[in-house]
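Let's walk through a protein model together, starting with its overall build and ending with its aromatic rings. Keep the picture open while you read.

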Amino acid sequence: MTREEFDGYRKKYERQLEQIRLSAHELHQSVNEIYGDDLPYGFHLDMVAEGVISYGHLVCACEEDVLPLFFGCYYHDSIEDARQTYNDVLRTARKWMTEEQAQMATEIVYALTNDKGRTRAERAGEKYFRGIRATPYAPFVKLCDRLANVTYSCSVDSGKDGSRMREVYKGEMGHFLPALISETDDQRRQIPFEAIMALAEILIDEVDRDEIRRQWNC
């Protein structure tokens, strides 16, 4: 899909997309979830959406997938952090989409929900990433989520926890990117090279960009 086509569909569904966005903001606000030290969690959701806006045309297969893709972006933490069940998310998605679209949107959210575990590694282990790789658009939304978190962690406003997480993200780069790569021709399960390089640019002091290019620009 061209960027012009993708932007045209965003404009076409502008009303629904804004309703989805506000609904996700309100959901996280209702459970008093914040981002960083004191930001509303919607700040993070909007940052993830910026990644989808920038690179979504590179993975979006058709017009019918635009709403599920953005819904998955805005609701990606709703089961994990906002006390929603799979069926809760599905019912919400049905407000704006057909049954098939709502199922796709909810599967993205479900795939991005961490497993049960005592540590970060246990919560996002091989089973977790296997589920992401198997789900259309989940690898891309996960990459946009990581790009948003890394961007914030490297900002002057992120504070001590942001600095700590930046080191965590640096250490995970060698595992994180390969874990998202699926051996398939299905563009919906791909991650765009441009988005990979945007992530590498932020962590440039720890990542050899030339090696990233050689490894992933295929």
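The model is predicted, so to speak of a local feature takes a pLDDT of at least 70, side-chain atom pairs count only at pLDDT 80 or more, and totals for chains, interfaces and linings use all residues. Residues are numbered from 1 along each chain as its sequence is written, and side-chain values use heavy atoms, leaving out hydrogens and water.

How much of the chain is buried? Of the 218 residues, 49% are, where buried means under 20% relative accessible area, exposed over 50% and partly exposed in between (1.4 Å probe, protein chains only).

Now turn to the aromatic rings. Rings of Phe, Tyr and Trp (its six-membered ring) pair if their centres lie within 6.5 Å; planes under 30 degrees apart are stacked, over 60 edge-to-face and the rest tilted. The whole structure holds nine aromatic pairs. One of them joins F6 and F70, which are stacked with 6.0 Å from centre to centre and 20 degrees between the planes. This pair links distant parts of the chain, as F6 sits in helix α1 (residues 3-12) and F70 in helix α4 (residues 66-74), 64 residues apart. Both F6 and F70 are buried.

Y86 and Y110 are edge-to-face, because their ring centres are 5.6 Å apart and their planes at 85 degrees. Y86 is partly exposed, with a relative accessible area of 22%. Finally, look for Y35, Y41, F43 and Y152, which form one aromatic cluster.

Notes. Helices (H or I, at least four residues) and strands (E, at least two) are DSSP runs, numbered from the N terminus.
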